[in-house]
Amino acid sequence: LRAIKSVLVVAGSLKREDPERAEDQVLMRALRDFNVPKIVTDDMPVFMGLIGDLFPALDVPRKVNPDFEKQVRSTVLDLKLQAEDDFVLKVVQLHELLAVRHSVFVIGNAGTGKSQVLKSLYTTYKNIKLRPVWTDLNPKAVTNDELFGIVHPATREWKDGLFSSIMRDLANITHDGPKWIVLDGDIDPMWIESLNTVMDDNKVLTLASNERIPLKPSMRLIFEISHLRTATPATVSRAGSYLFVIPACNISERMCEKIRVSSAGSLFCVLSNPAWILVISSFLFVGILYINPGDLGWNPQVFSWIKEREHQTERANLILLFDKYVPSCLDALRTR
């Protein structure tokens, strides 16, 4: 029911923006555009095949906001980055996810551009005068008590935590600009379990002092992580999607068994290849933006570095050398 509600909310907003469009096209666009960001590259044909089976001979173009995409490209260039189409698309997809989700997981390996996607969208918001507020922290850098606060066992004195203090400060800001709490660190059940009520429909952080801090409509939780290896079933259910395929090396066998036993309302099945697990979840609380290693490749990082070289001849020679040797070396590494 929660999954149906989430899809209907997205489809309803699309229908109100384009009331003349047929309902099957609206539903197909809602299912496709808000789940494609979560799918790894290898599984994209599988997902599009499922969409094609549900909506045969139906091809609806992606909703495009030319003015916003133009602003994103301008911002990316101002940050001295490469305005690749795939990179701009990831920034736009993150913007779309944040518009409909209050908690978003940005997943990808180191070097895939997660931080730059966040930085580009934040700077775009600043350029269009939305007055964004960004506060980031590494939850693994402090203890659980230092993160959420603790009541001293002897004096019963309350000591505020880092996350609770940040969330309270953002909740007290009066303007309606986007407010981000970016949690940049690996997921650990010790701290993320305390955020379950924030990530679901309650949108409230309950502290040990009995204080309840609400997540205001303009506030967003953003998790910048590389994997879901240590995530619990409760977290996975809140990070659920219709189709989310991840390598078995990113999820422990013990956790998979716990998921299969304890997840009511979800369907989990193991493919014939034991190296992969297909997770079809019935929850859509948290949006997932998966940045694949192949979305950007090595070219943007290299070109941004080459542009910083002082001499034109050096820049030209470096481009020729990279184009000559790097692709063949990478192909050799992949095939051997």
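At 34% relative accessibility, Lys 203 counts as partly exposed, a class lying between buried (under 20% relative accessible area) and exposed (over 50%), as judged with a 1.4 Å probe and protein chains only. Lys 203 is found in the loop between helix H10 (196–199) and strand S6 (204–206), and its phi is positive, at about 55°, although the residue is not a glycine. Most residues other than glycine have a negative phi. Helices (H or I, at least four residues) and strands (E, at least two) are DSSP runs, numbered from the N terminus.

The structure is a predicted model, in which local features need pLDDT of at least 70 and side-chain atom pairs count only at pLDDT 80 or more, while totals for chains, interfaces and linings use all residues. Residues are numbered from 1 along each chain as its sequence is written, and side-chain values use heavy atoms, with hydrogens and water left out.

The protein chain averages a pLDDT of 79, and 84% of the residues score at least 70; pLDDT is the predictor's confidence in each residue, from 0 to 100. Over residues 240–285 the pLDDT is below 50, yet this stretch has 99 contacts in the model beyond near neighbours in sequence. A contact means heavy atoms within 4.5 Å. Where pLDDT is low, the predicted coordinates should not be read in detail.

The protein chain has 15 helices and twelve strands. Of its 336 residues, 46% count as buried. The accessible surface of the chain comes to about 17,900 Å², of which 56% belongs to carbon and sulfur atoms; such areas come from the Shrake-Rupley method with a 1.4 Å probe, and for residues only the protein chains shown count as cover. Among contacts between residues at least 6 apart in sequence, 71% join residues at least 24 apart.

The largest nonpolar core has 32 residues, and those with the most contacts inside it are Phe 105, Phe 163, Met 167, Ile 181, Leu 195, Leu 205 and Phe 223. Helix H8 (residues 162–171) gives the most to this core, with five residues. A nonpolar core is here a set of buried Ala, Val, Leu, Ile, Met, Phe, Trp, Tyr and Cys residues joined through side-chain atoms within 4.5 Å. A second, separate core of 24 residues includes Leu 98, Val 117, Trp 180 and Leu 289.Leu 97, in helix H5, is buried, with a relative accessibility of 1%. Not counting residues up to four places away in sequence, Leu 97 touches Pro 37, Val 104, Gly 287, Ile 288 and Leu 289. Leu 97 and Leu 289 are 192 residues apart along the chain, and their C-alpha atoms are separated by 8.0 Å.

Helix H6 (residues 114–127) has 14 residues and reaches 20 Å from its first C-alpha to its last, close to the expected 20 Å. The expected span of a helix is 1.5 Å times one less than its number of residues. Buried positions in H6 include Val 117, Leu 118, Leu 121 and Tyr 125. Just after H6, Lys 129 takes a positive phi of about 65°. Lys 129 lies in the loop between H6 and strand S2 (133–137) and is exposed, with a relative accessible area of 69%.

Two further loop residues take part in polar contacts between side chains. A polar contact is a pair of N or O atoms within 3.5 Å; within protein, one must be able to donate a hydrogen and the other to accept it, and residues adjacent in sequence count only if both atoms are side-chain atoms. Gln 82, in the loop between helix H4 (66–78) and helix H5 (85–100), is buried at 14% relative accessible area. The side chain of Gln 82 makes a polar contact with that of Ser 304 (3.1 Å). Beyond neighbours within four places in sequence, the residues in contact with Gln 82 include Val 76, Phe 87, Pro 300 and Phe 303. Ser 218, in the loop between strand S7 (212–214) and strand S8 (219–225), is likewise buried, at 18% relative accessibility. Its side chain makes a polar contact with the side chain of Lys 179 (2.7 Å).

Asn 317 is found in helix H15 (residues 312–335) and is partly exposed, with a relative accessible area of 44%. The C-alpha atoms of Asn 317 and Ile 306, eleven residues apart along the chain, are separated by 9.9 Å.
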